[in-house]
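Please look over the sequence and the model below before reading on.

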Amino acid sequence: MSTTETGPSSSTSSSSSNVPPNDVHRVLLLLDIQVAMLSPPPVGVPASRTVQSNLNHILAYARAANPPPLIVHVRNNGDVGDPDEPLAAGWQLIFPALPGEIIIDKRKNNAFAGTELGSIIPTHAEIVVAGFQTDYSIRATCSAALGRGNEVLLIKGAHATYDRIEVLHGGGITPAWRIEQDIEAELEEAGVHLLEMKDLPGIFEDRHQRSAVLPPPRLQPSYLGELRFRICDTPAEFEGGQDLLRRDGDLPWSIRLCSFAMVDKYQGAVHLLRQDGMVDEGVLDDLAELPPIPRTIRNVLCEIGQPFEVNLASALIPLVVVDRYGWQMFEMRNMFRDNRDRMRKHPYTGKALIRLVVSPLPEHGEDPALFIQFVKWLTPVECIIPEYDYHVARPVPNTYYRLKDKKGVYKRWSYALKPKWNADNLRRMLDLEI
């Protein structure tokens, strides 16, 4: 499938999809997301800046999904002199279609009318709708999709329209936001599912397999305890106090027991723990006997599923996994880099909280491997390569780190543990046999 084009047509302006309609189960339908609509007001809609940001996030999530939905860009062909007159500056798409995505040109509000859209989207497919204008193309296309039998999802904050002058009612103005709310209520009553932007992480997931995709971290014994600082006015108010937070303000500041029990400068705290009987002394003795962990290692994990911070543009991420009887060091080099010969660049910047997950796949039964799961963002994560083809899938919280294989299909990245890991450590720390 190609998205190459030279000008508008009455229906499809890119070649037709090579995906059989019966195999299409979810569609992201982007309506009239063109330069004219998102220009600064009054040419563009009043909420152009906010809506464009939301649309950008939606498209990024869809393209990074596994499997991704069929993405269809519908472009309106206006009349001569209109801002979206074909080939005019305002007619161009805001988000250029990538290979595998479809562009449809239309002339009516209903995107199914006079186009090939109905032959591309099967009636059993779920359609996620976003774009413009709420009271024209959004309303007409959602209504038509419901009439075909499709499940329709409309994302609030990802569609918009203009203020309306009420010519027949004294010339008053109905603000765009009021029109958007009224149409949402009308469509919801007709059967459209309204979603919020906060629902975005789960919209494009396979909801039948979601629970099997992200296994919980394993639990470990007492050496996983940690030291925190509790803020309260008096000792009597300890239970109602608050833990001191890290600089990012999201997680409590803490030091894992298996980290500070091995460091000389924390031995005063270790003594107090012993004195008060708060920790098994045998655990403290075992940890004290271990060789020191290099000071350059920032990420010391006391269980394989413990979240840790990474910079997505880092060339080297050293890690140590430790328990009361030993520790295992390993390094991830150019972890998030696109390593194709023509690229060899890190496509994303930003800091994230990630964790390691032991692969449950049968193919890793004899050769254990780890997956990386994105937990949350600590700073904004952005793609810095213009017109990137997303060979390295866009990171999305609660999904695995993925790359495209030679066939262009996303696969979970995996880190083989043999022969890098000591067999005893694998058995003890991960319950794996080598």
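A residue counts as buried when its relative accessible area is under 20%, as exposed when that area is over 50%, and as partly exposed in between. In this predicted model, Cys 383 has a relative accessible area of 24% and is therefore partly exposed, whereas Cys 142, with a relative accessible area of 0%, is buried. A disulfide is a covalent bond between the sulfur atoms of two cysteines, and the structure holds zero disulfides.

The next step is a sheet. Four strands form an open sheet in the order S14-S18-S19-S23, and their pairing is antiparallel. S14 and strand S23 (415–416) stand at the edges with a single partner strand each, so one side of each is left without a neighbour in the sheet. Between S18 and S19 the antiparallel pairing runs over seven bridges, and Ala 352 has Trp 377, in S19, as its bridge partner.

The largest nonpolar core has 32 residues, of which Phe 308, Phe 330, Met 332, Phe 336, Leu 356 and Ile 372 touch the most other members. At least two residues of this core come from each of strand S14 (308–311), strand S15 (316–323), strand S16 (326–333), strand S18 (351–358) and strand S19 (369–377). Leaving aside residues up to four places away in sequence, Ile 372 touches, among others, Met 332, Phe 336, Leu 356, Tyr 401 and Trp 413. A second, separate core of 28 residues includes Leu 30, Ile 155, Ile 203 and Val 396.

Because Phe 336 lies in the loop between S16 and strand S17 (348–349), and Tyr 401 in the loop between strand S20 (382–383) and strand S21 (402–404), the pair ties together parts that are 65 residues apart in sequence. Both of these residues, Phe 336 and Tyr 401, are buried.

The rings of Phe 374 and Trp 377 are also edge-to-face, because their centres are 5.7 Å apart and their planes are at 70°. Here Phe 374 is buried, at 1% relative accessibility, while Trp 377 is partly exposed, with a relative accessible area of 25%. Ring pairs link Phe 336, Phe 374, Trp 377, Tyr 401, Trp 413 and Tyr 415 into a cluster.

Conventions. Residues are numbered from 1 along each chain as its sequence is written. This is a predicted model: local features need pLDDT of at least 70, side-chain atom pairs count only at pLDDT 80 or more; totals for chains, interfaces and linings use all residues. Side-chain values use heavy atoms; hydrogens and water are left out. A nonpolar core is a set of buried Ala, Val, Leu, Ile, Met, Phe, Trp, Tyr and Cys residues joined through side-chain atoms within 4.5 Å. Buried means under 20% relative accessible area, exposed over 50%, partly exposed in between (1.4 Å probe, protein chains only). Contact means heavy atoms within 4.5 Å. A disulfide is a pair of cysteine sulfur atoms within 2.5 Å. Two strands pair if DSSP finds at least two bridges between them. Rings of Phe, Tyr and Trp (its six-membered ring) pair if their centres lie within 6.5 Å; planes under 30 degrees apart count as stacked, over 60 as edge-to-face and the rest as tilted.
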